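The sequence and structure are shown first.

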Amino acid sequence: MPGKERGGAGTVIDADRKRLENIARLRKERRAVILAHNYQRPEIQDIADFVGDSLGLARQAAGVDAEVIVFCGVHFMAETSAIVNPDKVTLLPEPEAGCPLADTITPEGLITLKKLYPRAAVVTYVNSTAAVKAESDYCCTSGNAVQVVQAIDAPEIIFTPDKNLGRYVQKITGRELIIWEGCCPIHDNITTGMVLEQKRLHPSAPVVAHPECREEVLDLADEVASTSGMFKVIAEAGSDEIIVLTEAGMGYPLGKKFPATRLFFPQEEPLCPDMKLITLEKVERSLRDLEPRITVPEDIRLNALLAVERMLEIG
Ligand code: SF4
């Protein structure tokens, strides 16, 4: 037993190797693809077929020749994958992985707001449940929210559920929005003090911020970009260092793509606990048992899909 002779660390390494072999075998047997969000643990990103943002992943999955999608992210992302890929099995290896931002709005809450503004079109950020998307006219991502709002010809627009993204879109488009007061606690906790401290430590580094950050934080940024957009910003920045204001898991995919660029996050690292719940062990179990499955009732799925498709038509 070479693993035991080498002691604890060797045993752990052997166990990990065995797990990786099992995942590779099961992935083939199940005809599965593994998708991982940019904020997932590094070891999960390393086994994924695709790493990216939620909608980008769902769209990629739609074009993939596979029967099973293992979605390593949080619940609303797996739901979005199930909305777009009804003929495939969507698995979420940790069903408790949720999103406090998505939880700030319910379909009932949105229906009540719609009654107050009956002429309004509803734009809902992809970070929301399928049931909320089904009550919406358009979906949007942080990368295309401005474009979606600009394209809408309606007297009023309700924007849900992220108030920071809503205010940013309002500022850029100049359109008055009726904004739901939800937020992502991870991004909302980034303060101007944290940013100013990083700017003091790295005065030549440009700042890129995710639009889920507060307005006063975005005011300190040189660029505002979605997680996917951050790759483009860094590629074009021409700087060997950059201050990044988003969940710190983003350091892993950015570091792989730009090994020569020094990335600085706020000292009190923004970390989303829900995004760290999936482990290799859970992926292995999920592939073996084909559980836990994420399904969306067909009536909700079809209405939610309409909102997603309207967004895709815009661009
Ligand atoms: Fe939700 Fe924020 Fe976590 Fe993303 S980082 S899953 S928006 S709580």
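## Domain contact and sheet order

A salt bridge joins Asp-46 to Lys-256, with 2.9 Å between the closest N and O atoms. The model is predicted, and its protein chain is divided into domain 1 (2–98 + 276–295), domain 2 (102–183 + 300–314) and domain 3 (190–269).

**Interface of domain 1 and domain 3**

- The C-alpha centres of domain 1 and domain 3 are 28 Å apart, and the contact draws on 7 residues from domain 1 and 11 residues from domain 3.
- Between domain 1 and domain 3 an area of about 790 Å² is buried, with carbon and sulfur atoms giving 47% of it.
- Across this interface of domain 1 and domain 3 there are 2 salt bridges, and 6 residue pairs are in polar contact.
- The side of domain 1 that touches domain 3 comprises, by class, 2 nonpolar, 2 polar and 3 charged residues.

**The open sheet**

- Four strands, in the order β10-β9-β11-β12, form an open sheet with parallel pairing.
- Because β10 (223–224) and β12 (262–264) stand at the edges and each has a single partner strand, one side of each is left without a neighbour in the sheet.
- Strand β9 (residues 207–209) pairs with strand β11 (residues 241–245) in the parallel sense, over 3 bridges, and within this pairing Val-207 stands opposite Ile-243 in β11.

Notes:
Residues are numbered from 1 along each chain as its sequence is written. This is a predicted model: local features need pLDDT of at least 70, side-chain atom pairs count only at pLDDT 80 or more; totals for chains, interfaces and linings use all residues. Side-chain values use heavy atoms; hydrogens and water are left out. Two strands pair if DSSP finds at least two bridges between them. Helices (H or I, at least four residues) and strands (E, at least two) are DSSP runs, numbered from the N terminus. Domain bounds come from an automatic or database domain assignment. Contact means heavy atoms within 4.5 Å. Buried area is the accessible area (1.4 Å probe) that two parts lose on being put together, summed over both. A salt bridge is a side-chain nitrogen of Lys or Arg within 4 Å of a carboxyl oxygen of Asp or Glu. A polar contact is a pair of N or O atoms within 3.5 Å; within protein, one must be able to donate a hydrogen and the other to accept it, and residues adjacent in sequence count only if both atoms are side-chain atoms. Ala, Val, Leu, Ile, Met, Phe, Trp, Tyr, Cys and Pro count as nonpolar, Asp, Glu, Lys and Arg as charged, and the others, Gly among them, as polar.
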